[in-house]
Amino acid sequence: MTAASSPSSGSSGAADLSSSKASQVLEAAFQRLIAQEVNCRPAQVAAAADLFAEGNTVPFVARYRKEATGGLEDEQLESIAKRREYFLELMQRRDAILASIEEQGKLTPELEAAIRAAVTKQELEDLYLPYKRKRRTRAQIARERGLEPLADALLVGAAEGADARQLAQGYVDGEKEVADEDGALAGARDILAERLAEQAEHRADLRKTFVEEGVLAVRALTGKEESEEAQVFRDYFDYSEPAAQIASHRLLAVLRGEREGVLLSDLEIDDESEVFGLAGSWGVPLGTSCGLEVRAATEDGYRRLLRPSIANQVRTELRQKAEDEAISVFRDNLEALLLQSPLGERIVIGLDPGYRTGCKAAVVDPTGRVLATEVIYPVPPRSDEARAARVLLDWVQRYGATAVAVGNGTGSRETEVFAKKALTEAKVEDVMVVIVPETGASVYSASAVAREELPELDVSLRGAVSIARRLQDPLAELVKIEPKSLGVGQYQHDVDQRSLARELDLAVETAVNRVGVELNTASASLLRRVAGLSDRVAKAIVDHRDAHGPFGSRRSLLAVAGLGAKTFEQSAGFLRVRAGEHPLDRTGVHPERYGVVEKMAKMLQEPLDRLVGNPALVARIDFEGFANDGDGLGSFTLGDIRSELEAPGRDPRPTFRAPAWRQDVTSVDDLQPNMVLEGRVTNVTNFGAFVDLGVKRDGLVHLSEMSNEWVDDPREVVKVGDIVKVKVMEVDRPRQRINLSMRLLQKAPDHPGPRRPPRARDQESSGERSGSKQRHQGRAAAKPGPRRPPRKSPQGPPAASRGARKGPASVEDLMAKFNRRPPGKS
């Protein structure tokens, strides 16, 4: 993702539609709408939008411009940035539409007012549809043949009782290819049908009906029911659910089934009722000769033009909503994964387990620099345990390693047992052995980043280095890996890849800027995620550091080629120089506020370096007396300064903890129902959470088994990286499936660190705005036809000891659908 495409990164700031500041100012109506969505005041939206127009990033504004925005949180600011971009695009499109209609000479004051009042792109396009240049339609051909007056005459004649065929006689013209009355009436009906289908009010009404009353009906394609590839979709062979209620993962499963040629789906509503209401909207009698033509035109316009168009739009909106939800789940999971607790700056041995090819081993120093590598064979088939133990113990003694990180792949538990046994027999008690998720390590090993960082190492050994480093600092290591390779997504291959990439990049940037980055040890991969820094500037920082040695201060960044004042302003507060020349360089205090803190120290008659990290001295400062002491300095910024002085560079991540896995449970075969075990949450989806129990296969805690209380969103209960206690409910050994429960345990799961609120969704409303006109004439008098009862929804086995909520299908089906990649994906 380029800097210009992200509202939170890049020295060039958020994406703007024009370099002109005037074109970037949101209109007051849009500011009010955004304020309602984000739950703040319009003035706050205006202030934030102006800051984004100046090229400021979301992290910078959230952290260092709180006075200007009234203390808006980063998620609120991110939503404002996205909606600002949306409305700027809408304003640009609106102006182009107004110019186009005016050029046609068809712009009326009423139409202009309606266009200017539009607040969604869809509403805007509906209003423009009748004036939009389009391909040659049946109605256009009829107009070219001079039949539009006949269409108007049919409406008048319906009220006056005129005969339609007599009216049509006057339009028969062989030169215009109107051979007879039937041809003339057919053309007139085409014009009326298009006129009906292009009315913005009818489109809005039908869209609302589909959204509120539509039922998604799914069936298997004839002849596909027994095919092997179709079995994963068997729960949807005869399935229906109200479209407004369908969960995102179920809709994405249906859409995948359609792409693979297994399923067919349709949005069903009461079509007869819709046609009846639309026919009545003409306001003419329908039982006369001309009225019957109007009725026929209505039926044709609805079924051929209006219904397919709106149904496709609503399906697109439903798909977009499901994709947005899947992306949101992925983003939240990724943020939680990146913000897992770090072990810290210790010397760590990394073991990448393997059977036939051996266990790749590496030892790294506290900064992640490789000290030694080796291939050992502690487990079958080679089983050279004695030599493997000698290597391990030699590294512990020679380098002072205090932790062993074991990748959780093939052979992980056997390798863990070996390491613990070797350390125990040697009476080494101060070295911990921790199993670390190795997802993405192989991707990193073969990447350009790894080749640049570790050019002298074989690809197989780079994975061991990555495993050791991710125990030291998961964030610093995982940012080097493509987020989609980290295994915490949901239907990630089925969603819009550009939107997914954008949101995942934002997740990484949010995590990095929340923690902060040590300037003198950070890789270019980590630095480029800092607010304001592009790939080019991050590389330039590393090159400058390599050429001139460690940076002595934040200010020395200005010597880096290509790093200007604006980039420095955006990034400096998120960079740390622990051994910097200025005491505040190791804190989150922005350089623009150094003078204020220096004044505080002077008033206390204490050296600045003694003030930083001294809560007793900080308590003596009259912070209120410094309010408005400088430009934009207020209670928000002073509160942040106080926190930084009390605990300089505080890491927001939780204290390190590893799950306590049972040593007698190392495979699925060791599991028994009713066992209570501890594990680590590896992924959270809309239907539950996957938990690593140290048996090489993750178990599933279905949504219905997460709590004794009703749970709508699993993310309300757990997040990736949580250590939880679970009860084994069912073990399917042939399929290696594990069904778990947290519901029957009295003790709540352990949640390290603060839990974030659910992310606000940035979605365009598909319904009407408040105060919209009532539904078209005749709807009140319509007698809706009978609606067919919904088909039976797929249900799984009843939840144990509980009949309230049932899981859709079986655990193995859920896992198979969730993990299965679509054809053609690598």
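These legends describe close-up views of one predicted protein chain. Because the model is predicted, local features need pLDDT of at least 70 and side-chain atom pairs count only at pLDDT 80 or more, while totals for chains, interfaces and linings use all residues. Residues are numbered from 1 along each chain as its sequence is written, and side-chain values use heavy atoms, with hydrogens and water left out.

**View 1. The whole chain.**
The protein chain has 30 helices and 15 strands. Helices (H or I, at least four residues) and strands (E, at least two) are DSSP runs, numbered from the N terminus. Of the 826 residues, 53% are buried. Buried means under 20% relative accessible area, exposed means over 50%, and partly exposed lies in between (1.4 Å probe, protein chains only). Among contacts between residues at least 6 apart in sequence, 70% join residues at least 24 apart. A contact means heavy atoms within 4.5 Å.

**View 2. The five-stranded sheet.**
Five strands make an open, mixed sheet in the order S6-S5-S4-S7-S8. From one strand to the next, the twist averages 20 degrees. Two strands pair if DSSP finds at least two bridges between them. Strands of a sheet pair through backbone hydrogen bonds, either parallel or antiparallel.

**View 3. Strand S7 and its neighbours.**
S7 (residues 403–407) runs parallel to S8, with five bridges joining the two. Val 404 stands opposite Val 433 in S8, and Gly 407 stands opposite Val 436. S4 and S7 also pair in the parallel sense, over four bridges. Here Leu 351 stands opposite Val 406 in S7. Five of the five residues of S7 are buried. Ala 403, Ala 405 and Gly 407 point one way, and Val 404 and Val 406 the other.

**View 4. The S5–S6 hairpin.**
S5 and S6 run antiparallel and are joined by six bridges. Lys 360 has Val 375 in S6 as its bridge partner. Five residues separate the two strands of this hairpin. In the turn, Gly 368 has a positive phi of about 90 degrees.

**View 5. Helices across the sheet.**
Helix H16 (residues 385–399) lies across strand S4 (348–352), strand S5 (359–364), S6 and S7. H16 runs at about 170 degrees to S6. Helix H17 (residues 412–425) lies across S4, S5, S6, S7 and S8. H17 runs at about 170 degrees to S8. Axes are lines fitted to C-alpha atoms, for helices over the stretch in contact, and angles run from 0 to 180 degrees between N-to-C directions. In the loop between S6 and H16 lies Pro 381. A cis peptide bond joins Pro 380 and Pro 381, with omega about 10 degrees. Lys 427 lies in the loop between H17 and S8. Its phi is near 60 degrees, a positive value in a residue other than glycine. Lys 427 is exposed, with a relative accessible area of 70%.

**View 6. The nonpolar cores.**
The largest nonpolar core has 176 residues. Leu 527, Ile 541, Leu 557, Leu 671 and Val 718 have the most contacts inside it. Helix H15 (residues 289–338) gives the most to this core, with 17 residues. Ile 541 touches Leu 519, Leu 527, Leu 533, Phe 551, Leu 557, Val 560 and Leu 563, not counting residues up to four places away in sequence. A second, separate core of 25 residues includes Ile 349, Phe 418, Ala 419 and Val 431. A nonpolar core is a set of buried Ala, Val, Leu, Ile, Met, Phe, Trp, Tyr and Cys residues joined through side-chain atoms within 4.5 Å.

**View 7. The second largest cavity.**
This cavity holds about 80 Å³ of space. Its lining includes Arg 63, Tyr 64, His 590, Arg 593, Asp 640 and Glu 644. Helix H3 (58–64) and helix H29 (635–646) each supply at least two lining residues. H29 gives the largest share, four residues. A cavity is a set of points on a 1 Å grid over the protein atoms alone where a 1.4 Å probe fits but cannot get out; lining residues have an atom within 4 Å of a point. Grid points are joined across faces, edges and corners, and a volume is the space filled by probe spheres set on the points.

How values were computed. On a 1 Å grid over the protein atoms alone, a cavity is a set of points where a 1.4 Å probe fits but cannot get out, and a pocket is an open set with protein on both sides within 12 Å along at least five of seven lines; lining residues have an atom within 4 Å of a point.
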